[in-house]
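This report walks through a model of two chains, beginning with a term that the later sections rely on. Please keep the sequence and the structure in view while reading.

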Amino acid sequence: MKSYQFKPYNVGRWLIWSLFAIVLICAPLMFTSNLSGTMLAQMGIAIIACLSYNILLGQGGMLSFGHAVYTGLGSFVAIHALNSITAGTSQIPVSLLPLVGGFAGIGFAVLLGYVTTKKSGTPFAMITLGVAELVFAMSLMFSEFFGGEAGISGNRVAGPTVFGITYGPQIQIYYLIAIYTFICVALMYAFTQTPLGRILNAVRDNPERVEFIGYNTQRVRYFAFIIAGFFAGISGGLGALNFEIVTSEVVGAGRSGGYLLFTFLGGATFFFGPIIGGILMVLAFVLLSELTKAWLLYLGLLFLFMVMYAPGGIASLIMMNLRVAAFGKLKQIWVSYLGLFVTAFVALIGAGAMIEMVYHLQLNSALGNNLKFMGIVLNAKGVDSWFGSVFIMLTGLGLFEAMRRHFLIEWGDIQIEIEKEIKRREAA
Amino acid sequence: MSYALELKDLRKNFGKTEIIRGVNLAVNAGERIAIIGPNGAGKSTLFNLISGRFGPSSGEILLNGHRIENKAPYEINRMGLSRSFQITNIFPKLSVFENLRCAVLWSLGYKYTFLKFLSGLKDANDLAEKYMAMIRLDKKRDLLAMNLTYAEQRALEIGITIAGGSNVILLDEPTAGMSRSETSRFINLIKEVTVGKTLLTVEHDMGVVFGLADKIAVVVYGEVIAFDTPEAVRSNAKVQEAYLGTHSAEEEAGGH
């Protein structure tokens with residue numbers, strides 16, 4: 001049977017999408033606190049943003065340093081539209097405001113993307129950086145539109161209510177975001193299955209050859225850029241509704257960097273990677289930043305290790321292990337995994353203690369030399385604390401390295417076994 | 001009746017260096033032409049000029065009577081000319097099937113659409129399957145192109161080139177790097193898939209050249225010094241002197 005034939009009852013696909021819908025519906029029922037409510041809403045927004053970014057990075061091979069331009073400008077246009085609803089000058093239902101953001105995203109992508117996508121590779125990356133700086137500089141200049149330092153605020157309880165939905169309570173806005181998330185994820189997945197989506201992959205792999213099979217690569221990049229801009233704008237519009245305030249920070253380089261970092265962490269080579277990335281992004285920005293002041297440093301370290309050792313991101317790690325599991329070999333290496341995690345954790349405790357002590361000395365030295373770290377009191381100027389931390393870290397690192405070597409051998413053996421198994425099945 | 005492909009006083013300079021120095025060539029529809037010549041004679045540059053990879057410094061290129069010398073590669077391809085590359089140039093992270101499906105999409109008029117599913121394009125899928133069977137890669141359908149053997153990648157390279165349905169096909173050293181037995185099998189494949197098409201191929205293997213070509217164009221130092229049937233070229237004194245006859249030149253050609 002040929003796999004491209006239309007299969008109306010593709011069970012696996014139905015199962016995955018139904019599960020996704022159920023998770024979106026049930027998540028706020030399981031996590032009921034205020035904090036988790038806002039986090040879930042932000043996750044939906046981040047998922048759309050990261051997936052739209054991955055149309056560029058993972059599917060088109062376009063490394064953009066300025067994706068926040070499109071999410072951010074979408075946010076600004078949406079909040080202005082919201083304010084015009086409040087003022088009574090326009091009649092758009094609030095539930096369609098994200099689409100306003102989306103069309104703003106299209107507009108700006110048509111305009112700015114035309115210049116950006118004229119080039120590929122490194123020049124493309126440079127131009128996106130330039131455009132991002134340009135827009136950020138403009139945000140400081142045009143305070144009527146960007147609201148200056150204070151930003152633009154709005155009130156999402158505006159216009160006529162439909163079925164008593166005012167979008168006042170957080171749960172109502174969550175479900176609006178959830179619906180948009182589901183539809184946008186489905187649409188972006190559908191895009192990967194269309195002629196333009198596939199040619200975009202070909203442009204990523206080998207732009208020169210694409211020119212010789214009849215396609216203008218510049219046009220392919222441009223169209224993909226506009227589509228990415230649309231979804232980015234929707235994400236921005238949802239953000240405007242969720243926070244009811246938009247500041248110039250949303251078009252800033254930090255935000256653009258965040259999309260790049262977390263899309264990569266999640267995994268740019270698989271469609272679902274950026275979904276993981278979006279979830280991690282919110283976890284890091286909301287929870288990790290509460291946990292420690294040095295959160296950006298930990299994030300940077302994580303990114304560094306990921307680029308070096310798992311360039312396919314978390315998604316590729318999952319897929320690699322699913323392959324191992326499918327051949328029933330996961331039980332051979334789970335002990336190694338446990339060892340890796342434990343030793344890495346030990347090393348992290350040691351390193352973390354030192355990082356926290358340094359931060360304490362730099363920022364909180366007025367509060368004395370003592371700080372609490374994982375339930376233990378450390379003296380940031382004490383020899384014992386430093387010696388202990390170094391000792392723990394080095395022990396962890398040493399054991400980790402030993403475990404890693406052992407693991408690599410095991411992993412290699414398993415891959416060879418799997419290859420043999422595949423050959424055997426092919427021959428049979 | 002115009003020629004399938006015609007070059008008129010084509011010239012190309014890189015800086016002050018003249019690489020192509022006034023090439024004239026007229027190819028009838030359906031002819032198989034082999035282009036031979038020592039290394040650095042300008043054979044690949046000639047292909048790059050015809051296919052639009054470089055623009056010529058002066059002169060005209062006519063494809064079925066239409067001038068193409070200032071057009072982009074994709075425009076030339078849409079007018080019915082397709083080429084392969086000396087160094088394998090495929091889509092490494094797409095499967096064999098996807099490689100071929102990408103190559104047929106434009107010719108079937110799907111352009112840049114994102115409003116149709118690939119799985120629903122029966123004509124594109126059938127055509128891609130057909131070419132996959134033609135180049136004997138139907139058993140490797142879902143393998144990523146980067147995981148194919150070298151000979152298979154060369155076959156895929158030809159498959160991508162012919163899949164768009166172009167009538168003028170340019171093959172740049174299709175058998176480069178292949179063993180003798182692979183080469184002879186491969187030449188049969190090329191003959192088979194280019195039936196009824198106009199074919200220009202750069203080739204070093206003399207056995208291949210005399211077996212495949214209706215006519216041979218000999219390029220030396222950026223000029224076509226002979227363009228005739230294999231027998232006539234073989235007995236041409238100028239060719240013997242410049243290329244086939246002198247020992248050093250032959251070694252140069254064979255040593256590639």
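## A term to begin with

Helices (H or I, at least four residues) and strands (E, at least two) are DSSP runs, and they are numbered from the N terminus. In that sense B:Asp9 belongs to strand β1 of chain B. The model described here is predicted, and every value below should be read with that in mind.

B:Asp9 has a phi near 45°, which is a positive value in a residue other than glycine. Is B:Asp9 buried or exposed? Because B:Asp9 has 12 C-beta neighbours inside 10 Å, and a residue with 12 or fewer is classed as exposed, B:Asp9 counts as exposed.

## The open sheet of chain B

The strand that holds B:Asp9 is part of an open sheet of 4 strands in chain B, arranged in the order β2-β1-β4-β5 with antiparallel pairing. The strands β2 (17–27) and β5 (66–67) of chain B stand at the edges and have a single partner strand each, so one side of each is left without a neighbour in the sheet.

Taking the pairs in turn, β1(B) and β2(B) run antiparallel and are joined by 8 bridges, with B:Val23 in β2(B) as the bridge partner of B:Leu10. These two strands form a hairpin with 2 residues between them, in which B:Gly15 takes a positive phi near 65°. On the β4 side, 5 bridges join β1(B) to β4(B), again in the antiparallel sense, and B:Arg11 stands opposite B:Ser58 in β4(B). Strand β4 of chain B, residues 58–63, in turn pairs with β5(B) over 2 bridges, also antiparallel, and B:Arg67 in β5(B) is the bridge partner of B:Leu62.

Helix α1 of chain B, made of residues 43–50, lies across β1 (5–14), β2 and β4 of chain B, and runs at about 65° to β2(B).

## The two domains of chain B

The contact between them takes 6 residues from domain 1 of chain B and 7 residues from domain 2 of chain B. On the side of domain 1 of chain B that touches domain 2 of chain B, α2 (73–78) and β7 (168–172) of chain B each supply at least two residues, and the residues of that side divide into 3 nonpolar, 2 polar and 1 charged.

B:Glu173 is placed in the loop between β7 and α6 of chain B. Its phi is near 45°, a positive value in a residue other than glycine. B:Glu173 is buried because 21 other C-beta atoms lie within 10 Å, where 20 or more are required. In helix α6 of chain B, which covers residues 180–193, lies B:Arg180, and B:Arg180 counts as exposed because it has 11 C-beta neighbours inside 10 Å. The C-alpha atoms of B:Arg180 and B:Asp205, which are 25 residues apart along the chain, are separated by 9.6 Å.

## Chain A: domains and a hairpin

Chain A is divided into domain 1 (11–293) and domain 2 (327–427), and the C-alpha centres of these domains of chain A lie 34 Å apart.

In chain A, strand β3 (residues 370–373) and strand β4 (residues 376–379) pair in the antiparallel sense over 4 bridges. A:Leu371 stands opposite A:Leu378 in β4(A). The strands β3(A) and β4(A) form a hairpin with 2 residues between them, and A:Met374 in the turn has a positive phi of about 55°.

## Where the chains meet, and the cores

The contact between the chains takes 26 residues from chain A and 31 residues from chain B. On the side of chain A that touches chain B, the elements giving two or more residues are α8 (195–205), α9 (207–211) and α10 (217–243) of chain A, and the largest share, 8 residues, comes from α8(A). The residues of this side of chain A divide into 13 nonpolar, 7 polar and 6 charged.

The largest nonpolar core has 175 residues, of which A:Val69, A:Ile199, B:Leu100 and B:Val218 touch the most other members. A second, separate core of 5 residues includes A:Met354, A:Met357, A:Leu378 and A:Ala380.

Terms used: Residues numbered from 1 in each chain as written. Chains lettered and ligands numbered in written order. Predicted model: local features only at pLDDT ≥ 70, side-chain atom pairs only at ≥ 80, totals over all residues. Pairing = 2+ DSSP bridges. Axes fitted to C-alpha atoms, helices over the stretch in contact; angles between N-to-C directions. Nonpolar A, V, L, I, M, F, W, Y, C, P; charged D, E, K, R; others polar. Core = buried A, V, L, I, M, F, W, Y, C linked by C-beta atoms within 7 Å. Domains from an automatic or database assignment.
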